[in-house]
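The entries below follow the order of the search.

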Amino acid sequence: MRRTLYGPDHEAYRETVREFLAREVVPHQHDWDHNRQIDRNVFTSAAKAGVYALEIGERYGGAGEHDYRYRMVVCEEIAKVNALSFGLTVSLQNDLVLHYLLDLTNEEQKQRWLPGFASGELIGALAMTEPGAGSDLRGIRTTAQRDGDNWILNGQKTFISSGIMADLVVVAARTNPEGGSRGFSLFIVERDTPGFRRGRQLDKIGLPAQDTAELFFDDALVPGDNLLGEEGRGLQYLMSHLPRERLGVVAQAIATTRAIYEQTVEYCRQRNAFGQPLTALQHIRFELADIATELDITEAYVDKSVEAFNAGELSPVDAAKGKWYVSELQRRVIDRCLQLHGGYGYMVEYPVARAYLDTRAQTIYGGTTEIMKELIGREIAG
């Protein structure tokens with residue numbers, strides 16, 4: 001079934017993305033994985049090529065392009081070259097950090113931070129999760145107390161993607177212990193903030209080049225001008241940005257699943273068993289038919305979600321439906337594709353093996369499958 005999501009401009013942009021990835025990403029992926037760090041220079045190159053931070057307005061050095069279909073194109077092309085650590089880092093910037101900066105900053109803050117994002121020179125991170133607070137944001141224990149014109153932050157964050165690389169960290173902290181849901185605020189903590197330090201880079205089973213870190217705030221002195229939005233509305237801001245974050249997971253998941261499926265089809269056509277291609281075996285054809293059907297039907301929901309987001313109509317519940325279903329579909333399909341590769345599927349030189357490890361976290365971050373079902377179920381129950 002032919003997808004109708006894209007127009008000629010998106011397909012022309014696809015060529016730009018392909019050329020950039022072939023030139024600036026593919027030759028370096030092995031080294032990035034080995035070093036457990038992506039070269040920062042690739043983000044300035046990505047910004048220059050128009051592959052990064054498109055939504056920043058022209059007055060701050062961006063393109064002012066808000067059509068999410070361009071993000072989808074980037075996800076699809078990254079998936080085809082299996083550059084998933086790089087792809088996740090780009091998604092963290094575009095689908096998380098950048099939207100907080102675009103939506104919540106005042107003009108002075110925009111002038112301070114957006115040009116650096118537009119040029120790819122500033123990298124951001126979002127610090128919500130703590131050792132005792134993951135999906136339950138109300139469990140956040142990091143505190144921020146006023147000290148004249150400044151704020152003093154104390155606490156710890158963990159599982160923070162791009163935490164080592166980040167120049168700016170959006171930190172959620174409790175500003176009023178008695179304030180309930182109105183007791184949290186967001187702050188921008190900059191790299192050289194006194195009292196802010198990074199812990200170890202955490203070892204993950206996948207995404208080796210995408211750094212994940214512990215962050216510590218020991219009487220960290222944050223200027224009052226670094227409060228993001230209004231005091232006391234931090235939890236509301238976090239919740240309101242979740243649909244975009246979850247759409248970002250959906251975009252990566254469907255793109256990666258499609259890419260691995262197509263590579264698996266080609267492998268089954270080329271691989272012989274019992275004197276004939278694997279695709280000559282009915283069981284193999286049925287397996288591939290199952291996956292093809294599931295992908296086509298799921299893509300229809302994804303396309304509908306993208307169109308709803310572009311129209312400002314993607315609800316938190318609809319985003320949650322896509323997030324859990326597509327990430328679980330990805331987990332299931334990639335596992336089946338690995339099985340169809342046989343022993344070769346277990347070898348890391350094959351994209352399916354790396355994707356098997358790199359994508360496993362997507363049913364967890366951005367809200368676990370179980371939390372997504374709970375959100376959906378609450379709406380059903382009224």
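**Conventions.** I call a crossing left-handed if the near helix is turned anticlockwise from the far one by less than a right angle, and right-handed if clockwise. I take helices (H or I, at least four residues) and strands (E, at least two) as DSSP runs, numbered from the N terminus. This is a predicted model, in which local features need pLDDT of at least 70 and side-chain atom pairs count only at pLDDT 80 or more, while totals for chains, interfaces and linings use all residues. Residues are numbered from 1 along each chain as its sequence is written, and side-chain values use heavy atoms, with hydrogens and water left out.

**Helix pairs.** I fitted axes as lines to C-alpha atoms, for helices over the stretch in contact, with angles running from 0 to 180 degrees between N-to-C directions. Angles under 35 degrees count as roughly parallel, over 145 as roughly antiparallel, 65 to 115 as roughly perpendicular and the rest as oblique.

I began with H8 and helix H11 (residues 351–358), whose axes are 10 Å apart at an angle of about 155°. H8 is therefore roughly antiparallel to H11. The crossing of H8 past H11 is left-handed. I listed the contact (heavy atoms within 4.5 Å): Thr256, Ile260 and Gln263 of H8 meet Pro351, Val352 and Ala355 of H11.

I then paired helix H8 (residues 242–270) with helix H10 (residues 316–340) and found an angle of about 25° and axes 8 Å apart. H8 is thus roughly parallel to H10, and their crossing is left-handed.

Next I took helix H1 (residues 8–24) and helix H3 (residues 41–49), whose axes come within 11 Å and cross at roughly 155°. H1 and H3 are therefore roughly antiparallel. Thr16, Phe20 and Glu24 of H1 make the contact with Val42, Ser45, Ala46 and Ala49 of H3. H1 passes H3 in a right-handed crossing.

UniProt positions use the numbering here, feature names are shortened, and annotations may be inferred rather than shown by experiment. In an unreviewed entry, UniProt lists "domain: Acyl-CoA dehydrogenase/oxidase N-terminal" at residues 8–121. I found that span to be 68% helix and 0% strand, with end C-alpha atoms 31 Å apart. UniProt lists "domain: Acyl-CoA dehydrogenase/oxidase C-terminal" (unreviewed entry) at residues 232–380; I found 74% helix and 3% strand there, with end C-alpha atoms 29 Å apart.

**Cores.** I define a nonpolar core as a set of buried Ala, Val, Leu, Ile, Met, Phe, Trp, Tyr and Cys residues joined through side-chain atoms within 4.5 Å. Buried means under 20% relative accessible area, exposed over 50%, and partly exposed in between (1.4 Å probe, protein chains only). Which members of the largest core touch the most other members? Of its 96 residues, they are Phe43, Tyr52, Ile56, Phe86 and Leu186. A second, separate core of 19 residues includes Ala144, Ile160, Phe196 and Ala213.

**Single residues.** I placed Leu153 in strand E3 (residues 150–161) and found it buried, at 0% relative accessibility. Leaving aside neighbours within four places in sequence, the contacts of Leu153 include Thr143, Ala144, Val171 and Phe217.

I noted a positive phi, near 60°, at Phe159, a residue other than glycine. Is Phe159 buried or exposed? Phe159 is exposed, at 58% relative accessibility. Leu207 also has a positive phi, near 50°, and lies in the loop between strand E6 (196–201) and strand E7 (212–223). Leu207 is buried, at 6% relative accessible area.
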